Amino acid sequence: MGRDKVILVLIGSLDRGGCEMHLLNIFPKLQKKGYRVHVQLLSFPGVLADEMRAAGVNVVEPWIYSKRKWTGSLFFRTIRLVVTSLQFAFNLYRLNPDIVHFYLPASYLIGGPVSFLKLGLVRVVSRRSLNYYMKDHPVRRRLESVLHRKMDAILGNSKAVVAQLIEEEGAPQKNVYLIYNGVQAGEGAANKVGQGKEALVKAHDELVITVVANLIPYKGHSDLLEALAVVVARQGNIRWRVVFAGRDDGLGERLTCHARKLGIEERVDLIGACENVPALLAETDIFVLPSHEEGFSNALLEAMAAGIAIIATDVGGNAEALNGGEAGIVVPAKNINALSASLSLLLGDEVKRRHFAGVAKERAKVHFTIEKCLNEYDDLYNSLLSNSR
């Protein structure tokens, strides 16, 4: 038997987020298919680093790091960039990978050029979002465009992402692949919901609306609050509350103030980073993803797999996941009227909720499983390695 195929994954951190959870779901399982996986971090370890190690993956922490990520003085950022690049170059020879896989823009921009110090590598990059982050950064756009033409494979997680890569960024079509995220219903521990929170307890006649997304402006939490204020005026007799589960990236206090001004503060719970999404979804009646932009949301797929009625904005791969509205309601982004109307419909119609929940669960079971995603990674890696040899 030959040696295991070695993969070196490069990412900023293993803090809790959609991309990071994707890595935790996929790469430990790939090791059972004859791969040896190393994950090098650029900025800081993050809360999932220990879980990744416990799953058997070697996690390489940065030689110097700060939880402030890439902020700080220009001098410190420059030193970190140099040291991080040197560490990655060192690991290219120390770990001797067959494949190097870049996740998220920082790792691509730093590791992409450095990776050419070693010959014979298969280079793969995953784009997990639409390219709005390049909007005010023409140099970054140009550099990524150059790197695209040097990669052996460029992976998008939705048709919208793939289309942007080819049509707007000049990525060679023959090297661009679509691999959907995968989820598995019921994954994770079942003993707690949020950091410092007890398991969610609701009244028997109360409907729970849940958003699972870090508290970032483009995730649309404020839009949902405004839509819910309209719902109160229309259907004040229906008992509901909304739960925001996600890391507070500085928006929490503003959302609380906004809810207070709208008169719905007592119905809004901000529970922080959610350690156990399945437990929260088990108590959820309506899942809402009000984002202004997305690639392909893991949280949306988890809600589908859990069998929950869903409302999502028509951005990125949301409509694609929901099959154009068959498996959930799709509304235009930033459209408060459409969002409030959809909420009113589902809050007042249990039959509709059950219908959408059933269709969503079946669709997730067929199209968006971890096993399907895992096999597509394995097939792609083997094909790329065969071609390189």
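These legends walk through close-up views of a predicted model. Local features need pLDDT of at least 70 and side-chain atom pairs count only at pLDDT 80 or more, while totals for chains, interfaces and linings use all residues. Residues are numbered from 1 along each chain as its sequence is written, and side-chain values use heavy atoms, with hydrogens and water left out.

**View A. Helix α7 packs against helix α12.**
Here α7 (residues 221–234) and α12 (residues 336–347) sit with their axes 8 Å apart, at an angle of about 55 degrees. Helices are DSSP runs of H or I, at least four residues, and strands are runs of E, at least two. Axes are lines fitted to C-alpha atoms over the stretch in contact, and angles run from 0 to 180 degrees between N-to-C directions.

**View B. The residues where α7 meets α12.**
From α7 come D223, L224, E226, A227, L228, V230, V231 and R234; from α12, I336, L339, S340, A341, L343, S344 and L347. Contact means heavy atoms within 4.5 Å.

**View C. The largest nonpolar core.**
A nonpolar core is a set of buried (under 20% relative accessible area, 1.4 Å probe, protein chains only) Ala, Val, Leu, Ile, Met, Phe, Trp, Tyr and Cys residues joined through side-chain atoms within 4.5 Å.

**View D. Around Y377.**
Leaving aside residues up to four places away in sequence, Y377 touches H22, I26, F27, H101, Y103, S126, L155 and I179.

**View E. A second, separate core.**
This core has 32 residues, including V242, F244, V268 and L346.

Conventions. Buried < 20%, exposed > 50% of the residue type's maximum accessible area, 1.4 Å probe, protein only.
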